[in-house]
Amino acid sequence: MQLQFLGAAGTVTGSKYLVSDKERRVLVDCGLFQGFKTLRLRNWSPPPFDVKSLAAVVLTHAHLDHTGYLPLLVKNGFAGPVYCTEATADLCRILLLDSGRLQEEEAERANCYAYSKHKPALPLYDEHDAERALKQLVAKKYGENFSAAHGITAGFSPAGHILGSACVRLSNGKTTIVFSGDLGRSNDSIMRPPSVIESADYLVLESTYGDRRHDQTEPHLAFGEIISRTIKRSGVVVVPTFAVGRAQSLLYCIYRLKQEGLIPRDLPVFLNSPMAVDATELYHKHRTEHRLTRDQCEGMCKAAQIINSVDQSKALNERQGPMIILAGSGMATGGRVVHHLKAFAPDPKNTIVFAGYQAGGTRGAKILAGADSVRIFGEDVPVHAEVTMLSNLSAHADYAEILAWLDHFRSRPKRTFITHGEPTASDALRARITQVKGWDCKVPDHLEQVELSD
């Protein structure tokens, strides 16, 4: 068998791993590249393999850096099954349709305001392409072994990252490969911990936070301090929010802060992400995957006023603080939060809170790095608001949590491939695993192909 790294090698985006032999090809994850333009341009390049030769796609979870290329894959001719967990299928129905709409809206806006060099600007794919891709989803339960292709079996184990997230096991009867997907945390306030995995011939391991530890402060207390000092300035707290996972964690923090009297109960909170609203409802449907009681889940779902229409979204920009606005997207690459940043970033009494990893080259990464201004819809918008990071809300395991997860392996894999991280993070995790556990680790290059011995 061969394993080729078509994404998430040297970066945290674009996850795609091609597992193949002479007769069969299975793609694990099918993500969009995000961040630096050199990465985003890869989305437009022809796939480095024959799409029609794929037997199947297997997904670790629903986030777009793992699924967002699916509509384009189908558009290019892939007609096979896309295997995923039940919750991942539900979330993909929300995320992929929204991604298609955003691609169309971005192209329309670029044409309207003539800030693209392409005449006309075209979407990478549209909502129709996303609808076609959704028809190919095949949901499987955790722990169920199924045939991903003739002679290749697959199975899912909970990864604890978001609803439906999974570690994927592939086997041809001789060689077993485990893909960690995005690993969650052992003590997350909402999600249950990643499942124990005891063996694999080869391991593909994420390294988003491979070079750091998370702040151990209670997330809702850290968030409460940020909110309180912004309230004193009568400011607005704007949080670029990942609709799946992070939005729910933030809503639960706000629910707890109000329940504990740490912020005013009448403080206006707005959730300006239709996609996040739909995703939050799924926490009721998939209650066995998280720690929340029915009452806590209900409190989380009702922690914010829902903004549905574009007019309501625009009206928020005319309101005075104090208030909290949670809006997509998490790295401020698009969505409704970009309009709020344009309105509130220039005012020093406001606060911009990032609550998740900011990939290099994204608007969020630039703001977090201290940029004086950012480009929004073709114009430079000054950033005078307070900018802060809520790092302890991450849904990714840090290096210590990853090492603790690896301790459950009864024997070392023949080789562990460190992926899904910036170069510094991936190499730091490689060095730690090699030093602490004595495992053979490698950080692969983009498009590198390796032989997997029986």
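The side chain of K342 makes a polar contact with the side chain of E379, at 3.2 Å. That is a handy place to start in this predicted model.

**Around K342**
- K342 is part of helix α11, which covers residues 337–344.
- Is K342 buried, partly exposed or exposed? Its relative accessibility is 31%, so K342 counts as partly exposed.
- Leaving aside residues up to four places away in sequence, K342 touches I376, E379 and V381.
- N317 is 25 residues from K342 along the chain, and their C-alpha atoms are separated by 9.1 Å.

**Helices α6 and α7**
- Helix α6 (residues 219–232) packs against helix α7 (residues 246–259) at an angle of about 75°, and their axes are 9 Å apart.
- This angle makes α6 roughly perpendicular to α7.
- On the α6 side, the contact is made by P219, H220, F223, G224 and I227, while α7 brings L250, C253, I254, R256 and L257.
- By type, the residues of this contact of α6 with α7 are seven nonpolar, two polar and one charged.

**Helix α5**
- Which residues are buried in helix α5 (residues 127–134)? They are D129, A130, A133 and L134.
- Looking down the axis of α5, these buried residues fall within an arc of 140°, so they line one face of the helix.

Notes:
Residues numbered from 1 in each chain as written. Predicted model: local features only at pLDDT ≥ 70, side-chain atom pairs only at ≥ 80, totals over all residues. Heavy atoms only, no water. Buried < 20%, exposed > 50% of the residue type's maximum accessible area, 1.4 Å probe, protein only. Helix = DSSP H or I, 4+ residues; strand = E, 2+ residues; numbered from the N terminus. Arc of directions from axis to C-beta. Axes fitted to C-alpha atoms, helices over the stretch in contact; angles between N-to-C directions. Parallel < 35°, antiparallel > 145°, perpendicular 65-115°, else oblique. Contact = heavy atoms within 4.5 Å. Nonpolar A, V, L, I, M, F, W, Y, C, P; charged D, E, K, R; others polar. Polar contact = N/O pair within 3.5 Å; in protein donor to acceptor, adjacent residues only side chain to side chain.
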